[in-house]
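I opened this entry to record what I looked up in the structure.

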Amino acid sequence: MKRTTLSPGSAQSSARLWSGFLSARVLVALALLGLHLAALALGQPVTARLLLASGAYLAATLALRSWPRSDDWPGTAAWPWLASIGVDLLAYTGLQLLQMQTQEPMSYTPLFGFAVLMAGVLGNRSVALGGAAAATLLLLALAWWTGWRGGTETTGAYLGAALTGTAYFIVAWLAHQLATRLLHEQHHARQSRIAAHTQAAISHMVMQHVSDGVLVLDPQGRVRLANPVALVLMDRKGDEPLPFPLAPDLRWRPLLQLAHQTCSELQSQAADVTIMHEGQSPLVLRVRTWLTSSSSAQAGAREEQEQLCVMFLQDLREMEARLRTEKMAAMGRMSAAVAHEIRNPLAAITQANELLAEDLSDPAQQRLSAMVAQNAERLARITEDVLDIARVHHQMGNASSRALVLDEAVQRIADDWQAAHPDTAVTLNLLARQAQVVFDPEHLRRVLVNLLDNAARYASTQAEALQLITQGSMGRPATVQVWSDGAPLESSVQQHLFEPFFSSESRSSGLGLYICRELCQRHGATLHYARRALDLSRGTVQGNAFTLTFRASSRPPDASSTLDAIVV
């Protein structure tokens, strides 16, 4: 018999059918034995050989049913068919012969159909047709035996056997075709299920790593799926159960309205949505929506597929920050190239002016030379500031953060700044409680020195006019603040405070605060400006406060370890 190879799913299905047929054979054997015992009890002519044959058939079915299962299901080997179909055909033939001897009014020939059906369902085409042919030959043999033994006309018996055999061939062929189609459909369903699981896994992986927020809403306004970026934008934890309703939170009503509009119009939408958070700056999102089923789909398909609204959320602040960074990188490269070209002729002008000033005696000419020197020095400072941007970006790409005790680092920087500015007093309020922050020491020095220089320029001459304040506690980010009692900044100045080349003074390059902010962002910190009132010895005084907020990784010094040098 030809050995066939089936897929695991088809083999499993066929094994279930095989087990069902074996159980059915046991029931048939029990029924035969029970009928013979009942007939014997009722006084019918049942011989001991019939009972013995029925018992032997029951024992054979039980033996095959309890045979240990192997990895090969019966369709991949020859012996199970020989042990099942062959035993059935021989047993039914023997019972029919014994019945003919005892003149028992019972026929066992219909049982041949059970063996033929089992061969058609579980076997290949050869087994199916072979089982039908064997059953037909046995029926013809029984018809011949009946005529030879009784000496009667057997034409009708032959015709009946031939007609029954033809029916067996048809049953075997149809059963085999239906079983083959069933196995094919099961295999196709299994492949479709594997493909669906694979697609779901890929979609889940894409949603987890895509940079945009992804929301999937149903027509009732419930969030079915949400990737981590969307959960962060919505201020929700990643372990919250899904789905959850979007309607109770009034802040997200614009998203809900956009989803309803998409579902009602059956058309994709795109809009910029402003989300208002209490106590925080507005969140501006660019939202694009799609439906899981298009408007051109057939009505029946839409009924079978649930219509969901898929939303892609983009934080415009992040997009603007990326665009600003790219523009500043391009401008920085161009500015650095221009500054390099300016330095050489500027140095020649400065040296020539110094040589010329040595021979000048006229006061008017000396004033002109001083003006040249003053403006050349100013131009040199601007050139160095422009080149400083490139140096800062290089340092940010190569410097490594490490854990610093905030109060100790600020104390050292304040002492050095005080030594360089003996005419300006800075008041220290170190309240960080020995908290540690992750920052590069030289970058922190550069930021604080720049902020102190700016604050001292606008501070008054009164006591406690310049303050350096640190704060920090476990569970809250540490901060360092530079405060001065200067006049408030104009609103137009505040809007462009940290932009490069913007300054309220004509003699400033406008790069100091920009560089400070870039250094802070390199270490995950933030720098912002606000008006703040302090209680001083002379009363409550309003002033300008530049606050550096470190990322939330502060911890006491006793928690330091070799992991302090790792940037997470």
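I took strands to be DSSP runs of E at least two residues long, numbered from the N terminus. The model is predicted, and I read every entry below with that in mind.

Entry 1, strands. I looked up strand β1, residues 213-217, and strand β2, residues 222-226; they run antiparallel and are joined by three bridges. I then checked the connection: β1 and β2 make a hairpin, and four residues lie between them. In that turn, Gly221 has a positive phi of about 85 degrees.

I next followed β2 to its other pairing. Strand β3, residues 244-245, pairs with β2 over two bridges, again in the antiparallel sense. Here the bridge partner of Arg222 is Pro245, in β3.

I asked how many of the eleven residues of α4 are buried. Helix α4 spans residues 112-122, and ten of them are buried, so that the helix is mostly covered. Among the buried residues I noted Phe112, Phe114, Val116, Met118 and Leu122.

I located a nonpolar patch on the surface formed by Leu129, Phe169, Ile170, Trp173 and Leu174. Together these residues have about 440 Å² of accessible area. Helix α6, residues 155-209, supplies the largest share of the patch, with four residues. Leu129 lies in helix α5, residues 125-150. I asked why Leu129 counts as partly exposed.

Terms used. Residues numbered from 1 in each chain as written. Predicted model: local features only at pLDDT ≥ 70, side-chain atom pairs only at ≥ 80, totals over all residues. Heavy atoms only, no water. Pairing = 2+ DSSP bridges. Buried < 20%, exposed > 50% of the residue type's maximum accessible area, 1.4 Å probe, protein only. Patch = residues over 30% accessible without salt bridge, like charges linked within 9 Å, V, L, I, M, F, W, Y side chains within 5 Å. Areas by Shrake-Rupley, 256 points an atom, 1.4 Å probe, with all protein chains shown as cover. Salt bridge = Lys/Arg side-chain N within 4 Å of Asp/Glu carboxyl O.
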